[in-house]
Amino acid sequence: MSKASGEKKEHLYKVLVIGDGGVGKTSFIKRYVHQFFSVHYKATIGVDFALKLLSWDSNTFIRLQLWDIAGQERDGSMTRVYFREAVGAFIVFDVTKPLTFQSVQKWKSSLDAKVQLSNGQPIPCVLVANKCDLPKEGVVNNKHHMDEYCSTNGFLNWFEASAKENINIDESVRCLVAQVLDNDEANEWAKDSELVNTTEEFKPKKNTSGCC
């Protein structure tokens with residue numbers, strides 16, 4: 001959703017933060033929005049969200065809604081409602097718990113099945129390997145394999161991150177938001193082109209027969 005205010009464009013974007021319970025989704029959001037970390041977060045029940053205001057550049061202002069979806073909600077009846085109108089997503093896993101990485105593909109499949117862009121394509125999704133300040137286990141230790149996994153499974157990119165140490169939190173969000181903006185601009189261009197074509201189609205045609 002976007003609107004122009006004078007020369008400055010304003011956007012409101014809904015972005016999902018999903019993944020198994022305990023992987024640090026709430027910590028990721030709190031670090032990004034409030035520059036704050038705590039080890040005492042309670043488990044999210046259902047859904048929560050936070051708002052981040054971004055002056056992206058001199059011409060662009062963004063209201064970013066980050067929706068924190070509880071880990072147990074992946075196969076719940078409400079996920080389609082929670083996912084509705086999202087334009088991007090983060091899937092978060094815990095680098096110290098390989099089982100949470102095994103769940104990533106299930107989250108991605110659920111996401112792709114329940115929300116798409118206006119052109120029918122999957123919404124852009126960034127994979128966050130959280131808690132990288134701790135000893136890592138599994139495939140995350142091999143960058144080549146992770147790059148290959150993300151390419152094969154339709155992820156925009158992946159980042160080793162730490163909400164505790166503030167590692168790659170801003171970078172991962174900027175990566176996703178940049179793609180969301182590109183998609184939004186492409187969608188606006190397509191709408192403008194469609195409007196021009198429709199106007200041309202119904203424009204009165206001049207009489208070229210020479211008759212009075």
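Buried means under 20% relative accessible area and exposed means over 50%, with partly exposed in between; these words are used in the legends below, which describe a predicted model.

**Figure 1. A salt bridge joins Glu10 and Arg63.**
Arg63 has a relative accessibility of 34%, and therefore counts as partly exposed. Its partner in the salt bridge is Glu10, and the closest N and O atoms of the two residues are 3.4 Å apart. Glu10 belongs to strand β2 and Arg63 to strand β4, so that the pair links distant parts of the chain, 53 residues apart. In the model as a whole, the count of salt bridges comes to 5.

**Figure 2. Asp94 and Lys131 meet through their side chains in a salt bridge.**
The N to O distance in this pair is 3.1 Å.

**Figure 3. The side chains of Glu160 and Lys136 form a salt bridge.**
Here the N to O distance is 3.8 Å. Glu160 is found in strand β7, which covers residues 157–160, and Lys136 in the loop between β6 and α5, so the pair ties together parts that are 24 residues apart in sequence. Glu160 is partly exposed, with a relative accessible area of 25%, and Lys136 also counts as partly exposed, at 29% relative accessibility.

**Figure 4. Phe93 is a member of the largest nonpolar core.**
This core holds 27 residues, of which Phe93, Leu111 and Leu127 touch the most other members. The elements that give two or more residues to the core are β2 (8–18), β4 (60–69), α2 (79–83), β5 (88–94), α4 (104–114), β6 (125–130) and α5 (143–152). Leaving aside residues up to four places away in sequence, Phe93 touches Val23, Thr100, Phe101, Val104, Leu127, Val128, Ala129, Asn130, Val140 and Met146. Apart from this core lies another, of 26 residues, which includes Val23, Ile29, Val173 and Val180.

**Figure 5. Helix α1, residues 25–34, is largely enclosed by the rest of the structure.**
The helix is described in this way because 8 of its 10 residues are buried. The buried residues of α1 are Lys25, Thr26, Ser27, Phe28, Ile29, Arg31, Tyr32 and Val33. After α1 comes Gln35, whose phi is positive, near 55°.

**Figure 6. Asp184 and His11 are joined by a polar contact between their side chains.**
The contact has a length of 3.1 Å. Asp184 is placed in helix α6, which spans residues 169–202, and is buried, with a relative accessible area of 13%.

**Figure 7. Cys125 and Cys132 are two buried cysteines.**
The count of disulfides in the model comes to 0. Cys125 is in no disulfide, and the nearest cysteine sulfur, that of Cys150, is 8.9 Å away, whereas a disulfide would need a pair of cysteine sulfur atoms within 2.5 Å. Cys125 is buried, with a relative accessible area of 0%, and Cys132, at 16% relative accessibility, also counts as buried.

Notes. Residues are numbered from 1 along each chain as its sequence is written. This is a predicted model: local features need pLDDT of at least 70, side-chain atom pairs count only at pLDDT 80 or more; totals for chains, interfaces and linings use all residues. Side-chain values use heavy atoms; hydrogens and water are left out. Helices (H or I, at least four residues) and strands (E, at least two) are DSSP runs, numbered from the N terminus. Buried means under 20% relative accessible area, exposed over 50%, partly exposed in between (1.4 Å probe, protein chains only). A polar contact is a pair of N or O atoms within 3.5 Å; within protein, one must be able to donate a hydrogen and the other to accept it, and residues adjacent in sequence count only if both atoms are side-chain atoms. A nonpolar core is a set of buried Ala, Val, Leu, Ile, Met, Phe, Trp, Tyr and Cys residues joined through side-chain atoms within 4.5 Å. Contact means heavy atoms within 4.5 Å. A salt bridge is a side-chain nitrogen of Lys or Arg within 4 Å of a carboxyl oxygen of Asp or Glu.
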